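Here's a quick tour for anyone opening this structure for the first time. Have the sequence and the 3D view side by side as you read.

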Amino acid sequence: MTAAARSRKTRPPRLDPLAFIRENTRLAPVPSQPDIRIHMAHEATGLWRIAEGSDPPPPYWAFPWAGGLALARYVADHPEIVRSRRILDLGTGSGLVAIAAMKQGAASALAGDVDPYAVAAATLNAAANDVAITVTGRDLTGGPPPAVDVVLVGDLFYEAALAARVARFLDGCLAAGIEVLVGDPHRAYLPLERLRLIAEYAVPDVGDVEGRTPRPGAVFAFVAAVNGG
């Protein structure tokens with residue numbers, strides 16, 4: 001038996017994302033948005049202990065994130081932002097923001113995330129809330145913006161390289177005449193010089209599996225750079 005064959009034989013079987021999510025989460029109301037239910041981690045599963053580099057990857061899609069919760073609340077409070085408009089939920093995670101947009105009358109919602117488990121979670125969560133969204137696993141930040149009217153971006157400014165790539169993509173969105181809203185609890189790489197605060201909510205954040213510790217989740221309009229700088 002070759003080394004490659006032995007490696008294939010000893011490697012654990014690849015998990016099915018849909019089955020993994022069903023077995024390791026529970027469908028529960030979203031903190032601060034109880035009309036939406038998503039598959040979330042809870043204390044009994046130990047799901048949050050999954051380490052970097054593991055298969056599956058860290059389950060960011062299974063926790064409430066402050067920026068996404070703030071965006072979902074803002075959409076519920078201001079449905080005119082999404083009503084009859086085409087929406088992109090960039091870095092969708094659980095699909096929460098896309099689902100919130102569809103529940104408020106969006107014409108369509110494209111939910112993008114490079115994590116295949118997030119793609120599966122968003123698909124399951126949309127079905128659980130009786131809304132139709134389109135979910136993609138492509139990295140949308142590497143190309144031109146899709147044909148949408150509004151981009152909603154929750155919690156994508158937690159790493160320097162990712163934040164820079166997202167900001168470049170959002171600049172392309174603005175150039176194409178697309179409105180951009182960002183939800184974030186003031187993470188380290190948030191480009192505050194490009195943001196105009198429009199709302200703030202007290203919401204839980206990622207890792208708070210029981211939703212007990214609110215923190216400020218802000219909603220911003222992403223604006224063009226002054227003098228192109």
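What follows is a short briefing, grouped by topic.

This is a predicted model, so a few ground rules come first: local features need pLDDT of at least 70, side-chain atom pairs count only at pLDDT 80 or more, and totals for chains, interfaces and linings use all residues. Residues are numbered from 1 along each chain as its sequence is written, and side-chain values use heavy atoms, with hydrogens and water left out.

**Confidence**

- The protein chain averages a pLDDT (the predictor's confidence in each residue, from 0 to 100) of 86, and 82% of the residues score at least 70.
- Residues 3-13 are the stretch to treat with care: pLDDT stays under 50 there, and the model has two contacts for them beyond four places in sequence. Contact here means heavy atoms within 4.5 Å.

**Strands and how they pair**

- A word on labels: helices (H or I, at least four residues) and strands (E, at least two) are DSSP runs, numbered from the N terminus. Two strands pair if DSSP finds at least two bridges between them.
- Strand E1 (residues 26-30) and strand E2 (residues 33-40) pair in the antiparallel sense, with five bridges. Val30 sits opposite Gln33 in E2.
- E1 and E2 make a hairpin with two residues between them, and Ser32 in the turn has a positive phi of about 70°.
- E3 and E6 run parallel, joined by four bridges; Asp89 stands opposite Leu152 in E6.
- E6 and E7 also run parallel, with five bridges, and Val153 has Val182 in E7 as its bridge partner. To get from E6 to E7 the chain passes through H6, and this β-α-β crossover is right-handed. That term means that, with the strands pointing away from the viewer, the path from the first strand over the helix to the second runs clockwise.

**What's tucked inside**

- Some cut-offs: buried means under 20% relative accessible area, exposed means over 50%, and partly exposed is in between (1.4 Å probe, protein chains only).
- E6 is mostly covered, with five of its five residues buried. Val150, Leu152 and Gly154 point one way from the strand, while Val151 and Val153 point the other way.
- A nonpolar core is a set of buried Ala, Val, Leu, Ile, Met, Phe, Trp, Tyr and Cys residues joined through side-chain atoms within 4.5 Å. The largest one has 37 residues, and Val82, Ile87, Ile133 and Leu152 touch the most other members.
- A second, separate core has 23 residues, including Leu88, Leu90, Ala163 and Phe222.
- Who surrounds Ile133, leaving aside neighbours within four places in sequence? Ile133 is in contact with Ala98, Met102, Ala109, Ala111, Ala122 and Ala126.
- Thr136 is found in strand E5 and counts as buried because its relative accessibility is 13%. Beyond its neighbours within four places in sequence, Thr136 contacts Leu110, Ala111, Gly112, Asp113 and Val119.

**Salt bridges**

- Side chains of opposite charge can pair when their charged atoms come close. A salt bridge is counted when a side-chain nitrogen of Lys or Arg is within 4 Å of a carboxyl oxygen of Asp or Glu, and the structure holds five of them.
- Arg86 and Asp149 form one, at 3.0 Å from N to O. The pair links distant parts of the chain, 63 residues apart: Arg86 is in strand E3 (residues 86-90), and Asp149 is in the loop between strand E5 (134-136) and strand E6 (150-154). Arg86 is partly exposed at 34% relative accessibility, and so is Asp149 at 23%.
- Arg187 and Asp155 form another, at 2.9 Å from N to O. Arg187 is in the loop between strand E7 (179-184) and strand E8 (195-203), and Asp155 is in the loop between E6 and helix H6 (160-175), 32 residues apart. Arg187 is buried at 15% relative accessible area, and Asp155 is buried at 4%.
- Asp171 and Arg194 also form a salt bridge, with their closest N and O atoms 2.5 Å apart. Asp171 belongs to helix H6 and Arg194 to the loop between E7 and E8, 23 residues apart.
- Is Arg194 buried or exposed? Arg194 is buried, with a relative accessible area of 9%, whereas Asp171 counts as partly exposed at 32%.
- Not counting residues up to four places away in sequence, Arg194 touches Asp171, Leu174, Ala221, Phe222, Val223, Ala224 and Ala225.
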